[in-house]
Amino acid sequence: MRETKIKLTLEDVEAFVRAATSCDFDVDVNYNRVLVDAKSILGVLSLDLGQTLTVKCHGEDEGFESFLEKYKIA
């Protein structure tokens, strides 16, 4: 399982969910104790987008990894 810390804006959510949906494995997003399915637009929108989010990939997909690079924080 890979973890990546990202920041999203409201405008980024649709593209993020679309990219996560293209993966054939589970992708989760969490902030604090809240864990949501990254393929659920309502779930992602329910998170505090002003905070750093952790994306957990339960598989590997080069396209999704390169997509996450745009939103990755140090």
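Asp-61 caps the N-terminal end of helix α3. One of its side-chain oxygens lies 2.9 Å from the backbone nitrogen of Gly-63. The model is predicted.

Helix α3 spans residues 62–69 and packs on the sheet. There α3 touches β1, β2 and β4. The direction of α3 makes about 170 degrees with that of β4, residues 53–57.

Which residues of α3 are buried? They are Phe-64, Glu-65, Phe-67 and Leu-68. Seen down the axis of α3, these buried residues fall within an arc of 160 degrees, so they line one face of the helix. Their cover includes strands β1, β2 and β4. Helix α1, residues 13–21, also contributes to that cover.

Now the sheet itself. Four strands form an open sheet, in the order β1-β4-β2-β3. The pairing is antiparallel. Strands β1 (2–6) and β3 stand at the edges, and each has a single partner strand, so one side of each is left without a neighbour in the sheet. From one strand to the next, the twist averages 25 degrees.

Strand β2 covers residues 27–31 and runs antiparallel to β3. Four bridges join the two strands. Asn-30 stands opposite Leu-35 in β3.

| Residue | Relative accessibility | Class |
|---|---|---|
| Val-36 | 13% | buried |
| Thr-54 | 9% | buried |

Val-36 sits in strand β3, residues 34–37. Why does Val-36 count as buried? Its relative accessibility is 13%, and the cut-off for buried is under 20%. Gly-59 is 23 residues from Val-36 along the chain, and the C-alpha atoms of the two are separated by 17 Å.

Thr-54 belongs to strand β4. At 9% relative accessibility, Thr-54 counts as buried. What does the side chain of Thr-54 make a polar contact with? The partner is the side chain of Lys-5, at 3.1 Å.

Notes: Residues are numbered from 1 along each chain as its sequence is written. This is a predicted model: local features need pLDDT of at least 70, side-chain atom pairs count only at pLDDT 80 or more; totals for chains, interfaces and linings use all residues. Side-chain values use heavy atoms; hydrogens and water are left out. Buried means under 20% relative accessible area, exposed over 50%, partly exposed in between (1.4 Å probe, protein chains only). Two strands pair if DSSP finds at least two bridges between them. Axes are lines fitted to C-alpha atoms, for helices over the stretch in contact, and angles run from 0 to 180 degrees between N-to-C directions. Contact means heavy atoms within 4.5 Å. The arc is that of the directions from the helix axis to the C-beta atoms. A polar contact is a pair of N or O atoms within 3.5 Å; within protein, one must be able to donate a hydrogen and the other to accept it, and residues adjacent in sequence count only if both atoms are side-chain atoms.
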